[in-house]
Amino acid sequence: MSTKFSMAIAILLPLMLANAARMLLLTPFNAAGVSPKLNVGPLNEVLMDVHNTVSYELNGTQADAQWAALIPAYGGIVRLGPERTPFMLSMYHQLRCLDVLRRDYVAGSMGKPNTSPATRHCLNYIRQMVLCRGDRRLESVIDPYGQHAVQVRGTQTCRDWSQVYDFVSNNEEWT
């Protein structure tokens, strides 16, 4: 093997391996209708106590700060692959949309008559994601005709969303 060839391999191999490692972070999406997913490994299960809370209110300085803290630096956008293609994680898009809906609801309660295009987009997007995810958990019916027809669920097993936050925050060089 020539010295020039060995030097070229020594320079190019680490670059090729780094790019290959970055591409492994994204599941393949060559087929139509297959959504790419960020591969952060298997998500652990965590328990969430689902209940009405005094946090994440509709209006006020504290509410604004709590909702803003749900979105990491760079708006939840990661750049992956050799061309640093930007992607937004659906989880962050959904949280941003909930905040858009919250803000528009508050503005409407203060007399703003019309909703924004972002609000219309977000309402449809959240509807589509709820249908797409198809949560099949059963909820107890307490009053089929009342305003709150189902019982608050209590403890629920969820995927560990903090692993996603950790992955994104530990890989800010891609953003």
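Me: Which residues are linked in a network of salt bridges here?
Reply: In this predicted model, the network of salt bridges links Asp-64, Asp-99, Arg-102 and Arg-103.

Me: OK, and how many salt bridges does the structure hold?
Reply: The structure holds six salt bridges, and one of them joins Arg-103 to Asp-64, with 4.0 Å between the closest N and O atoms. Because Arg-103 lies in helix α3 and Asp-64 in helix α2 (residues 61-68), this pair ties together parts that are 39 residues apart in sequence.

Me: Are Arg-102 and Asp-99 buried or exposed?
Reply: Arg-102 is buried, with a relative accessible area of 5%, and Asp-99 is buried as well, at 13%. Their side chains meet in a salt bridge of 2.8 Å, N to O, and both residues lie in helix α3, three residues apart, which is about one turn of the helix.

Me: And what about Arg-103 and Asp-64, how accessible are those?
Reply: Arg-103 is partly exposed, with a relative accessible area of 43%, and Asp-64 is also partly exposed, with a value of 28%.

Me: Switching topic, at what angle do α3 and α5 cross?
Reply: The axes of helix α3 (residues 90-109) and helix α5 (residues 161-170) cross at roughly 105° and come within 11 Å, which means that α3 is roughly perpendicular to α5.

Me: Which residues meet there?
Reply: From α3, Met-91, Tyr-92 and Leu-95 meet Trp-161, Val-164, Tyr-165 and Val-168 of α5. Sorted by class, this contact has seven nonpolar residues, with no polar and no charged ones.

Key:
Residues are numbered from 1 along each chain as its sequence is written. This is a predicted model: local features need pLDDT of at least 70, side-chain atom pairs count only at pLDDT 80 or more; totals for chains, interfaces and linings use all residues. Side-chain values use heavy atoms; hydrogens and water are left out. Axes are lines fitted to C-alpha atoms, for helices over the stretch in contact, and angles run from 0 to 180 degrees between N-to-C directions. Helices (H or I, at least four residues) and strands (E, at least two) are DSSP runs, numbered from the N terminus. Angles under 35 degrees count as roughly parallel, over 145 as roughly antiparallel, 65 to 115 as roughly perpendicular and the rest as oblique. Contact means heavy atoms within 4.5 Å. Ala, Val, Leu, Ile, Met, Phe, Trp, Tyr, Cys and Pro count as nonpolar, Asp, Glu, Lys and Arg as charged, and the others, Gly among them, as polar. Buried means under 20% relative accessible area, exposed over 50%, partly exposed in between (1.4 Å probe, protein chains only).
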